[in-house]
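Thanks for asking me to look this one over.

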Amino acid sequence: MEKISTIYQRAAERKGGEQNLELLLGRTANLDAYLAELSNDRYLAEFTKKVFQSGFVWRVVENKWPDFEEHFFGFDIEKVLMMPQEMLERKAQDPKIIRNFNKVKTIKANAQMIYDVDVEQGSFAEFISQWPSEDIIGLWAYLKKHGQRLGGNTGPYALRSLGKDTFLLTRDIEHYFRAHDLIDGGLMTKGSLNTIQACFNEWQQQSGYSLTKLSRLLALSGGDNFVHIEGDNEQADSK
């Protein structure tokens with residue numbers, strides 16, 4: 001396992017020096033206090049957006065997003081949970097949003113997950129904000145198990161967009177771990193995820209960097225990545 005200083009130096013050489021690298025890495029901040037105050041409707045909205053963006057053109061979802069907000073009552077949890085099946089089916093046929101009933105059904109299912117955590121834990125927002133970074137894969141697993149279509153990279157992308165510190169398992173990240181013989185099985189197997197989490201934990205102890213910064217740094221240290229300093233959200237979120 002490489003030291004983070006070695007990874008940093010290689011990334012700096014690839015990107016034309018430390019100054020350029022720092023611009024590409026961007027600034028990261030601890031947003032746990034913000035996450036703890038975020039309303040449930042914003043969590044549901046972001047989960048929904050990432051579910052619909054998965055396997056689809058992100059900009060199309062963004063362009064239609066105001067209609068999503070209107071159709072689903074601003075993602076108010078209680079209102080969404082009161083929606084009968086017939087209403088969901090009807091809304092899923094409206095061309096103002098993306099007509100995919102299987103994805104539309106996740107809105108109510110994920111609203112139920114948020115509601116259940118509120119009842120059991122007292123606050124979904126605090127549940128997310130207080131989840132420790134050294135077990136971020138545990139939060140991924142929770143969202144996958146208790147939500148719908150939040151497995152794979154969908155849940156992590158949603159968490160990153162909301163402001164939760166997390167690494168992402170992009171192609172560049174996967175390439176790094178395989179090239180250095182740190183994992184050899186499926187990327188999302190328990191063994192691979194535990195190894196990846198342990199590496200990020202070690203790098204965090206060495207550097208004090210956030211998981212987000214470490215994730216970007218690792219991606220920039222190798223692979224075929226094309227990152228612009230001033231890019232769109234899709235590129236900025238891909239590390």
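1. A word on the basis. This is a predicted model, in which local features need pLDDT of at least 70 and side-chain atom pairs count only at pLDDT 80 or more, while totals for chains, interfaces and linings use all residues. Residues are numbered from 1 along each chain as its sequence is written, and side-chain values use heavy atoms, with hydrogens and water left out.

2. Start with helix α7 (residues 85-92) and helix α8 (residues 101-121), which pack at an angle of about 135 degrees with their axes 9 Å apart. That angle makes α7 oblique to α8 (under 35 degrees counts as roughly parallel, over 145 as roughly antiparallel, 65 to 115 as roughly perpendicular and the rest as oblique). Helices here are DSSP runs of H or I with at least four residues, numbered from the N terminus.

3. Who meets whom there? From α7, Gln-85, Leu-88, Glu-89 and Ala-92 meet Phe-101, Val-104 and Lys-108 of α8, contact meaning heavy atoms within 4.5 Å. The residues of this contact divide into four nonpolar, one polar and two charged.

4. Now look at helix α10 (residues 136-146) and helix α13 (residues 190-207), whose axes come within 9 Å and cross at roughly 140 degrees. Here too the word is oblique, for α10 relative to α13. Ile-136, Ile-137 and Trp-140 in α10 meet Leu-193, Asn-194 and Gln-197 in α13. This contact has four nonpolar residues, two polar and no charged.

5. Which residues touch the most other members of the largest nonpolar core? They are Tyr-43, Phe-47, Phe-177 and Trp-203, out of 68 residues. Such a core is a set of buried Ala, Val, Leu, Ile, Met, Phe, Trp, Tyr and Cys residues joined through side-chain atoms within 4.5 Å. Leaving aside residues up to four places away in sequence, Trp-203 has contacts that include Met-1, Ile-4, Phe-177 and Leu-218.

6. Phe-73, in the loop between α5 (58-71) and α6 (77-81), has a positive phi near 55 degrees although it is not glycine. Arg-149, in the loop between α10 and α11 (154-162), likewise has a positive phi, near 60 degrees. Phe-73 counts as partly exposed at 36% relative accessibility, and Arg-149 does at 45% (buried means under 20% relative accessible area, exposed over 50%, partly exposed in between, with a 1.4 Å probe and protein chains only).

Methods:
Axes fitted to C-alpha atoms, helices over the stretch in contact; angles between N-to-C directions. Helix = DSSP H or I, 4+ residues; strand = E, 2+ residues; numbered from the N terminus. Nonpolar A, V, L, I, M, F, W, Y, C, P; charged D, E, K, R; others polar.
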